[in-house]
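Take a look at the structure below. This report walks through a few of its helices and some single residues.

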Amino acid sequence: MLKVILSVLLLAFFSSVIGYQQLQATIQTPLKVATNTQFKVEKGTGFNKLCRQWQQQQWLEDCWRFQILAKLDPTLTDLKAGLYELSADSVINNIKKINQGEQISFSFTIIEGQALRDVLNTIKIAPHLQNDLKLEQLGEQIIGKQIHLEGWLFPDTYHYHSNDNASSLLKRAGQKMQQTLADAWQQRASDLPYDTAYEALIMASIIEKETALASERPLIASAFINRLNTNMRLQTDPTVIYGLGESFDGDIKRKDLRNYTPYNTYRINGLPPTPIAMPSKEAILAAVNPPKSEYVYFVAKGDGSHQFSTTLKQHNAAVNQYILNKKN
């Protein structure tokens, strides 16, 4: 009798050892995929279906062992739909990645100074992004206002997952711009020649387009403020170019400066009706808190920087030095 009991116990022991070894082998079984393999988990996919799909792809040999593991650990069956990057790690670790919703992250960048039409053209071809934008109601859809969306998207890189909506991405950009503008407006100087945060946004977009140098934005802002305070027209080429739209061929001409559009600041007084680009935070801060200066004029030196002048005589001399002499 004792021998029988000992035999049973010994058998149970070896069975448990073998079972444990099988369990560990199953847990450590690698998924036979190439590096960075993308796999889409459709909504409603269950554990058994996922396992069969991987078996059909010959990424694993059988499912029954993993189904047993799922019985022992029911959290493995909680699969979140999305696009995932699988690896040659263990089958279980790849499943846990899906359990935790660790989807592939894509990025979309709005560039400082980019115009709305360029943002929309780029977002149309963004990979794995659903284009649900309503172009005729874009302002209402993105920021909840019946307004032209130009200027209202904060330049930054935004991350998204497969099948996210374009509107949800732009809403984040819109919310960030609204918050940035509101914060800056609260800290504005007391003697600005405009009365609303929206006008400051318009000015910031012009500053953004006038210079690629962040260090120059405050002086550009100061010069424009001085023009507005003396009832001088802004006379800035970027607004003219924006008003020309897609008809602009890359070369601004004298006739373009003479032709009237609501954005031709050689022809209109004050600010144009909307922003002309997506301004950076630095341009917004320059627009609401420009430094004090006597500068009214500036001309491009040809190296990305500008020569600033306080009088028309100085400005004409700078034009001769940096523009006319180079043409001769």
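Helices here are DSSP runs (H or I, at least four residues), strands are E runs of at least two, and both are numbered from the N terminus.

This is a predicted model, where local features need pLDDT of at least 70, side-chain atom pairs count only at pLDDT 80 or more, and totals for chains, interfaces and linings use all residues. Residues are numbered from 1 along each chain as its sequence is written, and side-chain values use heavy atoms, with hydrogens and water left out.

**Helices with a buried face**

Buried means under 20% relative accessible area, exposed means over 50%, and partly exposed lies in between (1.4 Å probe, protein chains only). The arc is that of the directions from the helix axis to the C-beta atoms.

| Helix | Buried residues |
|---|---|
| α2 (residues 47-56) | Phe-47, Leu-50, Cys-51 and Trp-54 |
| α4 (residues 91-99) | Val-91, Ile-92, Asn-94, Ile-95, Ile-98 and Asn-99 |

Look down the axis of α2: the buried residues fall within an arc of 100 degrees, so they line one face of the helix. Down the axis of α4, the buried residues fall within an arc of 160 degrees, so they too line one face. An α-helix has 3.6 residues a turn, so residues three or four places apart point the same way.

What do the buried residues of α2 pack against? Their partners are β1 (37-41), α3 (64-72), β2 (82-86) and α4. Contact means heavy atoms within 4.5 Å. Just after α2, Gln-58 has a positive phi of about 65 degrees.

**A crossing pair**

Helix α7 (residues 166-186) packs on helix α8 (residues 197-210) at an angle of about 105 degrees. Their axes are 10 Å apart. The two helices are therefore roughly perpendicular (65 to 115 degrees). From α7, the contact uses Met-177, Leu-181 and Trp-185. From α8, it uses Ala-197, Ala-200 and Leu-201. By class, this contact has six nonpolar, no polar and no charged residues.

**Two single residues**

Glu-140 sits in helix α6 (residues 138-143). Glu-140 is partly exposed, with a relative accessible area of 40%. Leaving out residues up to four places away in sequence, Glu-140 touches Lys-145 and Gln-146.

Leu-312 belongs to helix α13 (residues 312-327). Leu-312 is partly exposed, at 46% relative accessible area. Leu-312 and Tyr-297 are 15 residues apart along the chain, and their C-alpha atoms are separated by 7.4 Å.

Terms used
Axes are lines fitted to C-alpha atoms, for helices over the stretch in contact, and angles run from 0 to 180 degrees between N-to-C directions. Angles under 35 degrees count as roughly parallel, over 145 as roughly antiparallel, 65 to 115 as roughly perpendicular and the rest as oblique. Ala, Val, Leu, Ile, Met, Phe, Trp, Tyr, Cys and Pro count as nonpolar, Asp, Glu, Lys and Arg as charged, and the others, Gly among them, as polar.
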